[in-house]
Amino acid sequence: MREATSILGSLQEAVSACGQAIAKKATAAGSVQAAILRATELRLSPALGFGSVVFHLGGAAESLEGSETPDGVGSDILLDRVFRDLFSILNSVESDDLGEATTVDSLKLLGPRAVRHLNDLAKEVTESDIDIDLSWLNGSCSANASLHRRGALALKDAIQRTREEVEQKSFHGTLSTVSTLVHPQLLTDDGQRIDMSVSPEEAASLGNYFNRRVVVEVEQTTTWSVTTGKETLRYRLLTIGFAEEADA
């Protein structure tokens, strides 16, 4: 019973976090908005089956109003979309036919909070050796998904792949710090302070750019913690030039 309670708790948290992402109100930590909680709350009604326990989970009756979610969708519709996205991910990790990149991209769209709770769900399944079969039925909308041990291990692996993302970005600003001892710092036009890693040789060549408006190309690495949802950004300087020359 303890294992089932933990699995249901992780599923509920994942559903609420996915609802946040769909409503474009996702947060990495802190409280989930009360309206989202109401619209994604599942009501429990257990029943015994042949060799298993069936939990009937019903959606909340309350609906979101107006600006609380895009296009004013109600709670039932929001839950339809939540389970469609969640079931798509669960089915992909259970299937050998879908590529890992598809799962990773889908997880990134849900954001760190939902992924953290899906990681908890996968951990519960692998450690308890309990298989989960899920069905969602709401009017004409129906969907099914499963999460067994093999799929849970694949889900955990896909989640690990979402922990780091590397992309190239361009920034305009003023090079406010130049040193061979500390990272050069860029004060961007929108007020960010970006510390950029460079080699000692590259640092020694930046003197002409000190306190000048520049445009830089950097490699941005985003790392986030599955446990806390906290994101960490790191930057590596690729190219630098004077802003007036780049804008000419």
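Start at Asn211, which is exposed, with a relative accessible area of 55%. This is a predicted model. Asn211 sits in the loop between helix 6 (200-204) and strand 8 (213-224). Check its backbone: phi is positive, about 60°, although Asn211 is not a glycine.

**Stay in that loop: the aromatic pair**

Now select Tyr209 and Phe242. Their rings form a tilted aromatic pair, 4.7 Å centre to centre, with 35° between the planes. The pair links distant parts of the chain. Tyr209 lies in the loop between helix 6 and strand 8, while Phe242 belongs to strand 9 (residues 231-242), 33 residues apart. Are these two residues buried or exposed? Tyr209 has a relative accessible area of 17%, and Phe242 has 16%. Both values count as buried because the cut-off is under 20%. Asn211 is exposed because its 55% is over the 50% cut-off.

Strands of a sheet pair through backbone hydrogen bonds, either parallel or antiparallel.

Zoom in on strand 6 (residues 185-188) and strand 7 (residues 193-197). They pair in the antiparallel sense, over 3 bridges. Which residue of strand 7 is the bridge partner of Leu187? Select Arg193: that is the partner.

**A hairpin**

Move to strand 3 (residues 132-138) and strand 4 (residues 141-147). They run antiparallel and are joined by 7 bridges. Select Asn138 and then Cys141 in strand 4; the two are bridge partners. The hairpin has 2 residues between the strands. Gly139 takes a positive phi there, near 60°.

Step back to Asp129. Its place is the loop between helix 4 (100-128) and strand 3. What is phi at Asp129? The angle is near 60°, a positive value in a residue other than glycine. Asp129 is exposed, with a relative accessible area of 58%.

**Aromatic cluster**

Select Phe83, Phe87 and Trp136. These three residues form one aromatic cluster. For the model, the count comes to 4 aromatic pairs.

Now go to helix 1 (residues 2-22). Helix 1 has 21 residues. From its first C-alpha to its last it reaches 30 Å, close to the 30 Å expected at 1.5 Å a residue. Lys24 follows helix 1, and its phi is positive, near 55°.

Last stop: Thr40, in helix 2 (residues 34-40). How much relative accessible area does Thr40 have? The value is 0%, so Thr40 is buried.

Definitions and conventions
Residues are numbered from 1 along each chain as its sequence is written. This is a predicted model: local features need pLDDT of at least 70, side-chain atom pairs count only at pLDDT 80 or more; totals for chains, interfaces and linings use all residues. Side-chain values use heavy atoms; hydrogens and water are left out. Helices (H or I, at least four residues) and strands (E, at least two) are DSSP runs, numbered from the N terminus. The expected span of a helix is 1.5 Å times one less than its number of residues. Two strands pair if DSSP finds at least two bridges between them. Buried means under 20% relative accessible area, exposed over 50%, partly exposed in between (1.4 Å probe, protein chains only). Rings of Phe, Tyr and Trp (its six-membered ring) pair if their centres lie within 6.5 Å; planes under 30 degrees apart count as stacked, over 60 as edge-to-face and the rest as tilted.
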